[in-house]
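Q: Can you walk me through this one? I'd like to start with how the chains meet.

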Amino acid sequence: MDVMAQERALLAALADGLPLEPRPFAALGERLGMTEAEVLEALRTLGERGVVRRFGVVVRHHELGYRANAMVVWDVPDDRVDATGRTLATAPGVTLCYRRPRRPPDWPYNLFCMIHGRDREAVLCAVERAAELAGLEDMPRAVLFSGRRFKQRGAVFGPTPSGEAAWTISTAAS
Amino acid sequence: MDDLDRRIVNALQGGFPVCERPFAVAAEGLGMDETTLIARIAALRAEGVLSRFGPLYKAEGLGGAVTLAAMAVPEDRFEEVVALVNAHPEVAHNYARDHQLNMWFVLATEDEARIAATIRAIEAETGLAVLNMPRLAEYHVGLRLEA
């Protein structure tokens, strides 16, 4: 198997998550005809190339009691936006934080984050705390609560044994 | 969920080691043993608290492209426009939001050119402007949501 084919097979095998056993990478390798060392090496390469962001868990917000969320945006001067964004990302309740282009006149905002809370009031409190932490109190802002969701799926990267998408984009507002 | 579960969820949102005995390493950091951690994760998955446990991918790393797009849709055309937009397989998420720009969706495609082509198609079909707001920088979020 060439490297690309091996990587694709590995990503597909990981689609349903990591096997829950003491040596999960050895178990994956067994399924794919790779050694544990080869699996670890392939995953490290994928990490270095930026294909795999990190290993970890994705929680279901609703099951954890976070029932409200909003996209919160600010207009921050270009020379301050990176430093401000880095701080904003560390605020409680912030799950994503990005810089994006402004689209004047309709859209003057360049710093975007998602903030989750138990309810709308908790989200608004978290917005205030985040603004204070990142020095954003005086910057123009908008809070866009999420309304109806019309579609949610993962992007598709090859078929999996279970027939589900082999990888998903883990964010609500990539 | 008890306190131990909460600590597990909080710790693992920050990352999981890639090594021969990752559960043993993660368990040590949490002051529990490997067997307990594996059993707890299995239970949290079964309860649906964890939707995924494994690698989190970056679409761009796979050669794909992702963007966030927004439209101002007149209220009386909302349902019609939702149907037109969602008919495109490139549309991954689509949310209504309370703003003049009231429809926000994520496009995920194999390459940049496909993003531009999909946006042009949606504009032609709906007669409405689509604002394209790709990510320019990402700021690292550590712990995502406290359990």
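Q: How much area is buried between chain A and chain B?
A: About 7300 Å², and carbon and sulfur atoms give 60% of that. Buried area here is the accessible area (1.4 Å probe) that two parts lose on being put together, summed over both. This is a predicted model: local features need pLDDT of at least 70, side-chain atom pairs count only at pLDDT 80 or more, and totals for chains, interfaces and linings use all residues. Residues are numbered from 1 along each chain as its sequence is written, and side-chain values use heavy atoms, leaving out hydrogens and water.

Q: How many residues does each chain put into the contact?
A: Chain A gives 77 residues and chain B gives 72, with contact meaning heavy atoms within 4.5 Å.

Q: And how many salt bridges are there between chain A and chain B?
A: Two. A salt bridge needs a side-chain nitrogen of Lys or Arg within 4 Å of a carboxyl oxygen of Asp or Glu. Arg120(A) and Asp98(B) meet in a salt bridge through their side chains, at 4.0 Å from N to O.

Q: New topic: is strand E3 of chain B mostly covered or exposed?
A: Mostly covered: seven of its seven residues, 91–97, are buried, that is, under 20% relative accessible area (1.4 Å probe, protein chains only). Strands are DSSP runs of E, at least two residues long, numbered from the N terminus.

Q: What does E3(B) pair with?
A: Strand E4 (residues 103–109) of chain B, antiparallel, over five bridges; pairing takes at least two DSSP bridges. E3(B) and E4(B) form a hairpin with five residues between them.

Q: Which residue is opposite His93(B)?
A: Val106(B), in E4(B).

Conventions. Chains lettered and ligands numbered in written order. Buried < 20%, exposed > 50% of the residue type's maximum accessible area, 1.4 Å probe, protein only. Helix = DSSP H or I, 4+ residues; strand = E, 2+ residues; numbered from the N terminus.
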